[in-house]
Amino acid sequence: MSRMVDWIDRRFPLSHFINKELTGYPTPRNLSSWWNFGFLAGFVLLLQVLSGIFLAMHYKPDAQLALGSVEHIMREVNYGWLIRYMHSTGGSAFFAIIYIHMARSLYYACYHKPRELMWWSGQVLLLMLMATAFMGYLLPWGQMSYWGAQVITNLFRATPFFGDQIVVWLRGGFTIGDDTLSRFFVLHYLFPFLIMGMVFIHLIALHYVKSSNPTGIELAKNEQITFHPYFTIKDLYGLGLFLIIYCYFVFFNPDFFIEANNNIPANPLKTPSHIEPEWYFLPFYAILRSIPDLLGGVIAMSLSVMIFAALPFLDRCKIPGGARYRPVYRTLFYLFMVDILVLGYVGAQPPNGVLMQVGQAATFIYFLLFSLLPFISRKEEKWLLAKGLPPAVLAFMEEEAARESGRKKS
Amino acid sequence: MIHRLCILTLLTMSTLCAASETQLRPLEINHRADILQRGAETIAGVCMSCHDLKYLHYRDLLSIGLSQKAVDSYRGELSLEAPLLSSMSADQRKAMFGLVPPDLSMMARAREGGARYIYTLLTSFHTTEAGGVDNSLFPGIKMPDILSYSSAEDPEAIRKTAREAAIFLDWAADPHADERHTLGYYVLAYLGVLTLLLYLLKCRIWQRLDAPDSKSA
């Protein structure tokens, strides 16, 4: 065995790689369970790719055959029901994990130096995941698939000058039809591989800047432990917990994530009384609907997704650890969480009087929180410095400031 | 625990939007062979005059314990592999009702409330003041009161027939549901034990850190 490894090591940096990225990779000892979700997201990505490949073997991207082929998978393919439900539940699991992963980074302000590129590659991953999920939802060709795609592609009509052409280009025709289905299928199959590439970039950045940790302070050497075996086993334990929840839904409640309406074959002539996206799009959908103007709504919705990328600039407080040492930031974080839940609830309801106003208020608060952050974070830094911070935090900040001024001099 | 709460909070949001099912009659769903068989009889003998169940094949009926003879009598000249289609052509049915009656093979998954919706629909027919028949769950429905619920002398007998038909459709919409549940218990039990072992192993490995001079990487 060791001779074989030697043989490989002379030709390929196998042991070097394993040592550098696993057995010798330094990881902060104080990572909480919130740091498990990156690994879980990677796992679910693989699960979705694998189950998706098997589904694609039996699925037919044809408007006449799509729904029937899904039923064929569910009824006749050996364990096809399991593969299909793993995939449909996996989509929701993916978003749940990613949103928790993002909330973790938000809470601890992990987007700060030197992890801006990790944050931005994560933002790109979020957009790719959303596109993939949206296109995948068309494939069963049920009523919600059809009308959801109709509504969302229609938003691009708001593009100045080229609106109509872009909509036709996206759909491959004037309405959602057979051509839309085949192109969405092809792209839904392609995107996960692009996502994998982006994940790779995300990981290269991670292994260069190393993991953040709940204190936000770079830990001393003796507070670092190796990734393997400490975090491999911790991640596996987290995976076990995740799989229990996931398998509960796959085996006992898979229809929880599938709108009853989507088991009705797509009918271009019959608009459902209430069109509603999957739960993971609801907050953004509520923002879209709360602006009465189409273009304004589309801009607000895109901004609400993209605004996360601006956080490294918006949060101007230099105190590390995010909400851990910053009571005001912590309050803003929880306000934001509540606001998103309210938006999600509003997004699921038919638009009517009072809820419409609640949605508009929540949309306003959503953007208000982001736009006030630069001022609040500045003020909070001054206030906390005057009030006093733990010595380790102050030492870290001084070190950072010294490094910064040193760079300026040189 | 916190992860679970978080995920569940996100999940409950989407249940909040489910249509209210309060007006639906309660229905205990039990895929017992005799119930499914009697339900199949109603579906094949009554509902299939107008409705298809195209994702079901005659051979599938054998799996709920219907005798070969019974299945033969339903399929007539058709092969066991043939889908369950109404004997009337789509055009004839369209001429009769103004639309082709919907396929029933996925009906229990295609309505909020599932089988309860179907059961309630079948038993919501009533005579109107004008002397006609209407449905209180779906006013103006094109489907006739096929089980004659509105004029029944013994409504409980009709309700029983409707319950069994609804339970059959519940099975038909997801024939692997029972297999899925059985397998699910094994999977969850396995994962429970596995996760416990992983947890213990995790504690054991992390204990090494408490030993002196073993902290550094």
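## Helix 8 of chain B

A residue counts as buried if 20 or more other C-beta atoms lie within 10 Å of its own. In this predicted model, helix 8 of chain B is mostly covered by that test: 14 of its 19 residues are buried. The helix runs through residues 155–173. From first C-alpha to last, helix 8 of chain B reaches 27 Å, close to the 27 Å expected at 1.5 Å a residue.

## Domains of chain B

Chain B splits into domain 1 (23–175) and domain 2 (178–207). The C-alpha centres of these two domains of chain B are 41 Å apart.

## Where chain A meets chain B

The contact involves 41 residues of chain A and 37 residues of chain B. On the chain A side, the elements giving two or more residues are helix 4 (66–75), helix 5 (80–107), strand 2 (224–226), helix 10 (227–252) and helix 14 (327–348). Helix 10 of chain A gives the most, with 15 residues. By class, this side of chain A has 26 nonpolar, 9 polar and 6 charged residues.

## Nonpolar cores

The largest nonpolar core has 69 residues. Ala41(A), Phe94(A), Ile97(A) and Leu343(A) touch the most other members. Helix 5 of chain A supplies the largest share, 12 residues. Domain 1 (32–142 + 178–262) and domain 2 (278–410) of chain A both give residues to this core, so it lies between them.

Leaving aside residues up to four places away in sequence, Ile97(A) touches Phe37(A), Leu40(A), Ala41(A) and Val44(A). Another core, of 38 residues, lies apart from the largest one. Among its members are Leu53(B), Leu104(B), Ala110(B) and Ile167(B).

Definitions and conventions:
Residues numbered from 1 in each chain as written. Chains lettered and ligands numbered in written order. Predicted model: local features only at pLDDT ≥ 70, side-chain atom pairs only at ≥ 80, totals over all residues. Contact = placed C-beta atoms within 7 Å. Helix = DSSP H or I, 4+ residues; strand = E, 2+ residues; numbered from the N terminus. Nonpolar A, V, L, I, M, F, W, Y, C, P; charged D, E, K, R; others polar. Expected span 1.5 Å × (residues − 1). Buried ≥ 20, exposed ≤ 12 C-beta atoms within 10 Å, placed from the backbone. Domains from an automatic or database assignment. Core = buried A, V, L, I, M, F, W, Y, C linked by C-beta atoms within 7 Å.
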